[in-house]
Amino acid sequence: VNYVVDGGDNNDDTVGGALQLFPLEAIQEFNVMTQRFDAEHGRGGAALNVVTKSGTNDVHGSWFTLFRDDGLNAQTLTERMNNIEKQNYARQQFGGSLGGPIVADKAHYFGAYERTQQDTKQVVGTLGLFPAEDGVYDVSFRETMFTGKLTIAPTTAHYLAVRYARDTNSQPTGAGLRTARSSWAISGNTYDSVNTNHNWIVGQSLNEFVFQYSNFVNDIPATSTGPHLRF
């Protein structure tokens, strides 16, 4: 699948799938094309085309909150295997948006924010190999996303949009039932993209220019200089 956001590339060329995520409230519309799409979409057997929201002449805002706790969870397999009671679980996902005019009918702004916080537990049981490492450990996931967009239409024949988006997240990597806690690491990811889209009409033809700069940093620093203890 070829992932396109505001006409810009959003593909993870290392492991596949979408690269950068965007706030829920930043998405205006999307279109999935599975066959017979134009060459401009290219890459892969299908194309997912996403357009982000823009401001309007009226000031609009939104807010949402989703939450879940262990009241909806059952005891996990690893908890049952190790005869451990059901552990705490908490997840909050919240965010919102705000958009409006800078100059009516000419220039508009829009911004969206989203935050996810999830706290779970991981049981570690090394079957007596590393008893000091056995136990129940915290597993935390954090993600923050922001999208800001400025649109300008100086004439009926010209439309310019500039969008900046950022996505940061962190979570333990390597966590597992038979992996010692000292062998886990914290994976951190930071995504930044700047997208510029210029549409203009010349005669009877519509012309489009898209420029995008993207930066992706994945950091998994070692948490210990010792050996990786895993059974």
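# Cavity, pockets, sheet and rings

User: Which residues line the largest cavity?

Analyst: The lining consists of Asp9, Asn10, Leu19, Gln20, Tyr191, Asp192, Ser193, Gln212, Ser214, Asn215 and Phe216. A cavity is a set of points on a 1 Å grid over the protein atoms alone where a 1.4 Å probe fits but cannot get out, and a lining residue has an atom within 4 Å of a point.

User: What kind of model is this, and how are residues numbered?

Analyst: It is a predicted model, with residues numbered from 1 along each chain as its sequence is written. Local features need pLDDT of at least 70 and side-chain atom pairs pLDDT 80 or more, totals for chains, interfaces and linings use all residues, and side-chain values use heavy atoms, leaving out hydrogens and water.

User: OK, how many cavities of 30 Å³ or more are there?

Analyst: A search of the whole structure finds one. The largest cavity holds about 60 Å³ of space, where volume is the space filled by probe spheres set on grid points joined across faces, edges and corners.

User: Which element supplies the largest share of that lining?

Analyst: That is β11, with four residues. Both β10 and β11 (205-219) supply at least two residues each. Strands here are DSSP runs of E, at least two residues long, numbered from the N terminus.

User: What order do the strands take in the open sheet?

Analyst: The seven strands run β5-β6-β7-β8-β9-β10-β11, with antiparallel pairing. Two strands pair if DSSP finds at least two bridges between them.

User: Which strands stand at the edges?

Analyst: β5 (60-69) and β11 do. Each has a single partner strand, so one side of each is left without a neighbour in the sheet.

User: How many bridges join β10 to β11?

Analyst: These antiparallel strands are joined by 15 bridges. Valine 194 stands opposite tyrosine 213, which is in β11.

User: Now pockets. How much space lies in the largest pocket?

Analyst: About 330 Å³. A pocket is an open set of points with protein on both sides within 12 Å along at least five of seven lines.

User: Which residues lie nearest the centre of the largest pocket?

Analyst: Asp6, Gly7, Asn197, Glu208 and Val210 do, out of 17 lining residues. The elements giving two or more residues to this lining are β4 (47-52), β9, β10 and β11.

User: And what volume does the second largest pocket have?

Analyst: Its volume is about 280 Å³. The second largest pocket has 13 lining residues, and Val5, Phe22, Ile27, Leu48 and Val50 lie nearest its centre. Two or more residues come from each of β1 (2-5), β3 (27-33) and β4.

User: Which element gives the most there?

Analyst: For the second largest pocket, β1 gives the most, with three residues.

User: Switching topic: how many aromatic pairs does the structure hold?

Analyst: There are three aromatic pairs. One of them joins tyrosine 137 and tryptophan 184 edge-to-face, 6.0 Å centre to centre and 70° between the planes. Rings of Phe, Tyr and Trp (its six-membered ring) pair if their centres lie within 6.5 Å; planes under 30 degrees apart are stacked, over 60 edge-to-face, and the rest tilted.

User: Where do tyrosine 137 and tryptophan 184 lie in the chain?

Analyst: Tyrosine 137 is in strand β8 (residues 135-152), and tryptophan 184 is in the loop between β9 (158-173) and β10 (185-202). They are 47 residues apart, and the pair links distant parts of the chain.

User: Is tryptophan 184 buried or exposed?

Analyst: Tryptophan 184 is buried, because its relative accessible area is 1%. Buried means under 20%, exposed over 50%, and partly exposed in between (1.4 Å probe, protein chains only).
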